[in-house]
Amino acid sequence: MNYRISTRAASLSPSLTLAIDSKAKQMKAEGLDVVGFGAGEPDFDTPKHIKDAAIKALNEGFTKYTPASGIPELRQAIADKFKRENGLTYKPSQVIVSCGGKHSCYNVILATCQEGDEVIIPAPYWLSYPEMVKLAGARAVIVETTDKTEFKITPEMLRKAITPNTRLFVLNSPSNPTGTVYTPEEVKALGDVCVEKGVLIMSDEIYEHLLYDGAVHKSVASFSQAHFEHTIIVHGFAKAWSMTGWRLGWLAAPEPIAKAIDAVQSHSTSNPTSFAQKGAVAALNGPQDHLPKWLAEFARRRTYAFAELNAMPGVSCVNAKGAFYLFPNISGTGLKSSEFCAKLLESEKVAAVPGIAFGADNYVRLSYATSMANIEKGLERMANFCASLAL
């Protein structure tokens, strides 16, 4: 039998972060002492009041279909969140609840982009953005940045990349994989270029609440009515509420785009899980007292890891201002990212994600969303590995 695979599916690269995490877990299951820095998920449990709300919904039989784009109560809670925290006014009809932040990104790209369109993506980028653009039949235009500029794209770089075919600019702040946070002034300047050129912005703000050293998050949609009309915000519950496995995200968009995404979702996944949505309402409307504790612990781990990485031969690292990743430059070791990570896993049983997956082959991504004990052990092994390369 000749199983013909579509050109779009065949062109995709599997998620390397998920592959690394899966391999590390398999090695652990085999009894090996592996330290995993791969997964982008908090090691804290989902807050109890959120779990209780979902359990209550289950016990009350809230297990049937809901509207495709989410229950009205949750869409209203998200709209309220935007008003309360970001000064943005969205109607619930402009809010779409999805099966995760990744699903929101995919829906946005699928609903706004097509053959012949270009999507500008600064590198390093979250590895799924270019693959989603491929699936939409559009072309990803990668604009490279480095640690010398804290991995930030400038308005001049953005303007130079825009062509008559440019449809969308992807802005991710705080950033995965670098932890970069654009200042409000920098965000506005990028937004100004997009408004001037008539380019839509997909603003991925899922790490909005994970900020350090006085960094400030300000949504690009908040600077003017024109910025608002050019912006689609994608977000989710995975990071700030440790709900990765719940598979719940959301987006907010101008009405015509929200309507188009509603139609796309109605024919693909239908609704997100019913009882999980009740937990999400509790996440937004309930107490947020878990977050300062989590942030304090993340900051402690970040400070330790940052110092340890910069003490390793051949390694340099700029500090993250948000999210829970560090993105050290390993070019001084003489290895590119894939070889570095393969040898590190083989010799020291430490799993990191090669930077090539994020469009930056001189770097590796380390997540500090793991225990301090793991971080200490893993970085000690990585230091030994780097020292051996320097001999």
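These legends go with several close-up views of the structure above.

The model is predicted, so local features need pLDDT of at least 70, side-chain atom pairs count only at pLDDT 80 or more, and totals for chains, interfaces and linings use all residues. Residues are numbered from 1 along each chain as its sequence is written, and side-chain values use heavy atoms, with hydrogens and water left out.

A nonpolar core here is a set of buried Ala, Val, Leu, Ile, Met, Phe, Trp, Tyr and Cys residues joined through side-chain atoms within 4.5 Å. Buried means under 20% relative accessible area, exposed means over 50%, and partly exposed lies in between, with a 1.4 Å probe and protein chains only. The largest nonpolar core has 64 residues, and Phe237 and Phe340 touch the most other members. Apart from it lies another core, of 26 residues, including Ala123, Trp126, Val234 and Leu251. Contact is scored for heavy atoms within 4.5 Å. With neighbours within four places in sequence set aside, Phe237 is in contact with Leu74, Ser242, Met243, Leu248, Trp250, Ala280, Ala283 and Leu284.

**View B. Leu251 in strand β8.**
Helices (H or I, at least four residues) and strands (E, at least two) are DSSP runs, numbered from the N terminus. Leu251 is found in β8, residues 249–252. This leucine is buried, with a relative accessible area of 0%. Leaving out neighbours within four places in sequence, the contacts of Leu251 are Gln94, Val95, Ile96, Ser104, Val108, Ile233, Val234 and Ile261. For a sense of scale, Leu251 and Met132 are 119 residues apart along the chain, and their C-alpha atoms are separated by 16 Å.

After α6 comes Gly137, whose phi is positive, near 80°.

Rolling a probe the size of a water molecule over the atoms shows where empty space is left. On a 1 Å grid over the protein atoms alone, a cavity is a set of points where a 1.4 Å probe fits but cannot get out, while a pocket is an open set with protein on both sides within 12 Å along at least five of seven lines; lining residues have an atom within 4 Å of a point. Grid points are joined across faces, edges and corners, and a volume is the space filled by probe spheres set on the points. The largest pocket holds about 590 Å³ of space. Its lining numbers 29 residues, with Leu18, Gly40, Lys102, Trp126 and Lys239 nearest the centre. Two or more lining residues come from each of α2 (16–29), α5 (101–112), α6 (128–135) and β7 (231–236). The largest share, four residues, belongs to α2. For the classes, Ala, Val, Leu, Ile, Met, Phe, Trp, Tyr, Cys and Pro count as nonpolar, Asp, Glu, Lys and Arg as charged, and the others, Gly among them, as polar. On that scheme the lining of the largest pocket has eleven nonpolar, ten polar and eight charged residues.

**View E. The second largest pocket.**
About 260 Å³ of space lies in this pocket. Of its 17 lining residues, Asp21, Lys28, Gly36, Ala39 and Thr370 lie nearest the centre. Helix α2 gives the largest share of this lining, five residues.

The largest cavity has about 150 Å³ of space. Its lining has 17 residues, with Pro122, Pro124, Asn172, Ser175 and Tyr182 closest to the centre. Strands β3 (118–123) and β5 (166–172) each supply at least two residues of that lining, which contains eleven nonpolar, six polar and no charged residues. The second largest cavity has about 60 Å³ of space. Leu171, Ser173, Val187, His217 and Lys218 are the closest to its centre among 13 lining residues. That lining divides into six nonpolar, four polar and three charged residues.

**View G. Cysteines without a disulfide.**
With a disulfide taken as a pair of cysteine sulfur atoms within 2.5 Å, the structure holds zero disulfides. The sulfur of Cys105 is 12 Å from the closest cysteine sulfur, in Cys113, which is too far for a bond. Cys105 counts as buried, at 2% relative accessibility. Cys341 is in no disulfide either, and the nearest cysteine sulfur, that of Cys386, is 10 Å away. Cys341 also counts as buried, at 5% relative accessibility.
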